[in-house]
Amino acid sequence: MKERILKLCKRLNKFSLDEIETISKIDSSELKPIIDDLIQEERLTYCDGTYYYNKRVCKKQQTSKLPLFFEFHKKQDIEYIIRGFCTNVEVLKMIDLFGFTKHVMNNFYAYLRTVIYDIQYKELLKYFEKYPKLPQERVYMNTKVYLYLYNHKLYVSQKYLANKDARKHKEQERLEIKNIYL
């Protein structure tokens with residue numbers, strides 16, 4: 001409830017108690033303690049009967065690098081989505097379980113895939129600097145990807161990494177790439 005009121009305050013930027021009470025459709029007896037808490041947290045400022053949303057303080061508190069859509073969901077829901085993603089639960093099953101829309105689940109899953117890709121790509125670059133290899137090319141969903149194998153771990157790249165000292169994968173590594181890819 002408090003976060004919902006804060007978002008409303010942010011949209012209004014400047015408001016009176018009567019205005020926010022009318023818009024939020026919450027009694028002033030319930031609304032006043034929430035607004036007082038927001039003033040104590042320095043998220044709102046009160047002056048001459050008018051409340052002001054305090055942008056400066058809120059920006060300090062929002063040091064997270066997470067996308068905006070994370071703010072619109074409860075922590076527990078986000079935890080369930082992450083657990084579902086990590087255990088390979090299909091998007092449609094997550095929608096049935098928790099009642100999220102397909103768009104919401106696709107946003108979360110796409111973000112999580114992007115984070116994983118970025119982490120493994122940085123790891124690939126470290127290995128490639130030490131021991132460059134020529135990639136195995138594959139087409140996945142009409143997109144050409146480049147596969148590298150280091151320490152029995154498959155790395156995927158959207159870009160062709162070039163180095164004059166690059167060597168081909170050994171036959172055993174090539175077969176391992178093929179097995180993992182399939």
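Biologist: Let's begin at the surface, with K130: buried or exposed?
Modeller: This is a predicted model, and in it K130 counts as exposed, because its relative accessibility is 74% and the cut-off for exposed is over 50%. K130 sits in helix α7, which covers residues 102-130.

Biologist: OK, zooming out. How many helices and strands does the chain have?
Modeller: The protein chain has eight helices and six strands, and along the sequence they follow the pattern α-β-α-α-β-β-α-α-α-α-β-β-β-α. The chain is more spread out than a compact globule, because its radius of gyration is 25 Å, well over the 16 Å that the globule rule gives for 182 residues.

Biologist: And what does the C-alpha trace span along its principal axes?
Modeller: The C-alpha trace spans about 75 × 40 × 25 Å along those axes. As for burial, 31% of the 182 residues count as buried.

Biologist: Now salt bridges. How many does the structure hold?
Modeller: There are nine salt bridges in the structure, and one of them joins the side chains of E3 and R43, with an N to O distance of 3.6 Å. That pair links distant parts of the chain, since E3 belongs to helix α1 (residues 2-12) while R43 lies in the loop between α3 (28-40) and β2 (44-47), 40 residues apart.

Biologist: What else does R43 meet in a salt bridge?
Modeller: The side chain of R43 also meets that of E41 in a salt bridge, again listed at 3.6 Å from N to O, and E41 counts as partly exposed at 32% relative accessibility. Together with K2, the residues E3, E41 and R43 are linked in a network of salt bridges.

Biologist: Switching to K133, which residue is its salt-bridge partner?
Modeller: K133 forms a salt bridge with E173, and the closest N and O atoms of the two are 2.8 Å apart. K133 lies in the loop between α7 and β4 (136-140) and E173 in helix α8 (residues 171-181), so this pair ties together parts that are 40 residues apart in sequence.

Biologist: Are they buried or exposed, those two?
Modeller: K133 counts as buried, with 3% relative accessibility, and E173 is buried as well, with a relative accessible area of 19%.

Biologist: Last one, Y80. Which helix holds it, and how accessible is it?
Modeller: Y80 is found in helix α5, which runs over residues 75-86, and with a relative accessible area of 29% Y80 is partly exposed. The C-alpha atoms of Y80 and F98 are separated by 8.8 Å, although these residues are 18 apart along the chain.

Note on methods: Residues numbered from 1 in each chain as written. Predicted model: local features only at pLDDT ≥ 70, side-chain atom pairs only at ≥ 80, totals over all residues. Heavy atoms only, no water. Helix = DSSP H or I, 4+ residues; strand = E, 2+ residues; numbered from the N terminus. Buried < 20%, exposed > 50% of the residue type's maximum accessible area, 1.4 Å probe, protein only. Rg over C-alpha atoms; globule rule 2.2 N^0.38 Å. Salt bridge = Lys/Arg side-chain N within 4 Å of Asp/Glu carboxyl O.
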